[in-house]
Amino acid sequence: MKRLFAAASVSVGILALAACSDATGVSSPSSSVDLAPSFSQNVSPADAKESHVHYMPLASNGAEMQARQEARSRPGSGTGISYHGGPVLQSGTHVVAVYWASSPIYNNGPAVGTHGAGSADNSLVGFFMNHLGGSPYFGINSTYTDGSGRAIANSVSYTAYWANNTNAPSGTTNVSDAQMIAMLQSGFNVTSPALTYDASALYIIFTAGKVNLGGGFGSQYCGYHTHGTVTVGGVAKTALYAALPYDYAYPGSCTNGTAPANGSVDPGADGEVSVLAHEIEETTTDMMGNAWYDTRGYENADKCAWTFGTEYTSSKGGVANIKLGGTDFLVQRNWKNSGSGGCFMS
């Protein structure tokens, strides 16, 4: 996600203009757009890098930025993205789904009030997370390395879920990052250990309907990833997390508007997986916001947001561009960090 300033404990009030570009070329946007990678500030300047937020743009913003950039050529040489010294999830990415709602968000999802292994999540979103790792698509992230030059593993493990119905938000409630961190903290509580702390995990917070994670959902962005601090066994720990509100609630802004790849099985799940992939990829290659991004602050998935490459009609009559585990999905492309760079599906 493009780096923008936003207080972590209040609603976001800045339009997230993240880029999406094709393999045809990338260049700097006009001077009216903030080019510098920036980090949001939380309590103090010392905490600034720990409270950065990276936003997934609306479909309309992505299309606009795509059109601007395709009209330009990339200056210089290289892949169009560079390393800035920060950590990556080199040995593989773990994902933990936190379904924060009073009833299952996706069809066949876990029963509320339960927690368990990710393999027990029978929703379409759960299927996607269980089959993303090892795919040629996620293998694009292996073109990125850590500071020692080791390639990122083509590995995503859906390790656990928590269907948390305690104080679940509803309607159009605004939920701040501070409230999300507090909710995650409650899951780490030793008296009720619904969550196990994992430094290599991305805790993905899903909500239902138009619940407004971060304050700008549907009007300014479709999701984001960041990190915060939790306490586990009396020790402060950094928790990577992503805000994944229900994107199908705003189909014109947060889906590409085509027929769902899996037809009537669960349109909401079909509408979620592309943004979900976006956040997992960016956390993998830029977990703390100081690893892989370009001169404008765009991370790998930003550079291809809302572009899908070659599409086909699925067996259920929807639009798809990839099969994972034999199931069709429509997922945005990702930026390959090899050759001259570009947006690809494998």
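Let me start with the aromatic rings, where the count comes to 14 aromatic pairs, a pair being two rings of Phe, Tyr or Trp (for Trp, its six-membered ring) whose centres lie within 6.5 Å, with planes under 30 degrees apart called stacked, over 60 edge-to-face and the rest tilted. The rings of Tyr-221 and Tyr-224 are a case to look at, because their centres are 5.4 Å apart and their planes stand at 85 degrees, so this pair is edge-to-face. Both Tyr-221 and Tyr-224 are buried, and buried here means under 20% relative accessible area, while exposed means over 50% and partly exposed lies in between, with a 1.4 Å probe and protein chains only.

Before I go on, please keep in mind that this is a predicted model, in which local features need pLDDT of at least 70 and side-chain atom pairs count only at pLDDT 80 or more, whereas totals for chains, interfaces and linings use all residues. Residues are numbered from 1 along each chain as its sequence is written, and side-chain values use heavy atoms, with hydrogens and water left out.

One aromatic cluster is formed by Tyr-99, Tyr-106, Phe-206 and Tyr-246, and Phe-206 leads us to strand 8, residues 201-206, where helices (H or I, at least four residues) and strands (E, at least two) are DSSP runs numbered from the N terminus. How many of the residues of strand 8 are buried? The number is 6 of 6, with Ala-201, Tyr-203 and Ile-205 on one side and Leu-202, Ile-204 and Phe-206 on the other. As a general point, side chains in a regular strand alternate between the two faces of the sheet.

Strand 8 runs parallel to strand 4 (residues 93-100), joined to it by 6 bridges, and two strands are said to pair if DSSP finds at least two bridges between them.

Phi is positive in Asn-167, near 50 degrees, and in Trp-306, near 65 degrees, although most residues other than glycine have a negative phi. Asn-167, in the loop between strand 6 and strand 7, counts as exposed because its relative accessibility is 68%. Trp-306, in the loop between strand 12 and strand 13, counts as buried because its value is 14%.
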